[in-house]
Amino acid sequence: MVKIRLRRVGAKKQPSYRIVVADSRAPRGGAFVDQVGTYNPRTDPPTTVLDEEKTRKWLDLGAQPTEIVGKLLVIRGLIEGAERR
């Protein structure tokens, strides 16, 4: 199964994340298929940058967002809350 999930990048104790499409069996920092955005929780408010066209394409192809990415997509209006599951 293909998932849309976070990939941690950044220095020690200074995390930022890339929002990537990856095989569910791949490790968190491992290989990924496509990068669709970034997420920085250290800014106030947290910053999310998404390529909405790529994200919609992957959602239409059946990629499942993880819980955290699903919340980010709901906030951006790409999916509805009940639609995630």
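Keep in mind that the model is predicted.

Let's start with the strands. Strand β1 covers residues 2-9, and strand β2 covers residues 16-23. The two run antiparallel, joined by eight bridges. Together β1 and β2 make a hairpin, with six residues between them. In that turn, find G10, which has a positive phi of about 105°.

Now the other partner of β2. Strand β3, residues 34-40, also runs antiparallel to β2, and five bridges join them. Here Y17 stands opposite Y39 of β3.

Between β2 and β3 there is a loop, and R28 lies in that loop. Is R28 buried or exposed? R28 is exposed, at a relative accessible area of 56%. Still, R28 has contacts. Leaving out residues up to four places away in sequence, R28 touches R5, L6, R7 and R8. For a sense of distance, take P46. P46 and R28 are 18 residues apart along the chain, and their C-alpha atoms are separated by 21 Å.

On to charges. Side chains of opposite charge can pair when their charged atoms come close. How many salt bridges does the structure hold? The structure holds four. I will walk through some of them.

Take D34 and K54. Their side chains meet in a salt bridge, at 3.3 Å from N to O. D34 sits in strand β3 and K54 in helix α1, residues 52-60, so this pair ties together parts that are 20 residues apart in sequence. D34 is buried, with a relative accessible area of 15%. K54 is partly exposed, at 31%.

Next, R76 and E52. This salt bridge has an N to O distance of 3.2 Å. It links distant parts of the chain: R76 is in helix α2, residues 67-76, while E52 is in helix α1, and they are 24 residues apart. R76 is partly exposed, with a relative accessible area of 33%. E52 also counts as partly exposed, at 33%.

Then E67 and K71. Their closest N and O atoms are 3.8 Å apart, and they form a salt bridge. E67 counts as partly exposed, at 48% relative accessibility. K71 counts as partly exposed too, at 43%.

Which residues of α2 are buried? They are V69, G70, L72 and L73. Seen down the axis of α2, these buried residues fall within an arc of 160°, so they line one face of the helix. What covers them? The cover includes strands β1, β2 and β3, along with β4 (47-50), helix α1 and β5 (64-65).

One last stop. Just after α2 comes G77, with a positive phi of about 85°.

To recap: β2 is joined to β1 by eight bridges and to β3 by five.

Conventions
Residues are numbered from 1 along each chain as its sequence is written. This is a predicted model: local features need pLDDT of at least 70, side-chain atom pairs count only at pLDDT 80 or more; totals for chains, interfaces and linings use all residues. Side-chain values use heavy atoms; hydrogens and water are left out. Two strands pair if DSSP finds at least two bridges between them. Helices (H or I, at least four residues) and strands (E, at least two) are DSSP runs, numbered from the N terminus. Buried means under 20% relative accessible area, exposed over 50%, partly exposed in between (1.4 Å probe, protein chains only). Contact means heavy atoms within 4.5 Å. The arc is that of the directions from the helix axis to the C-beta atoms.
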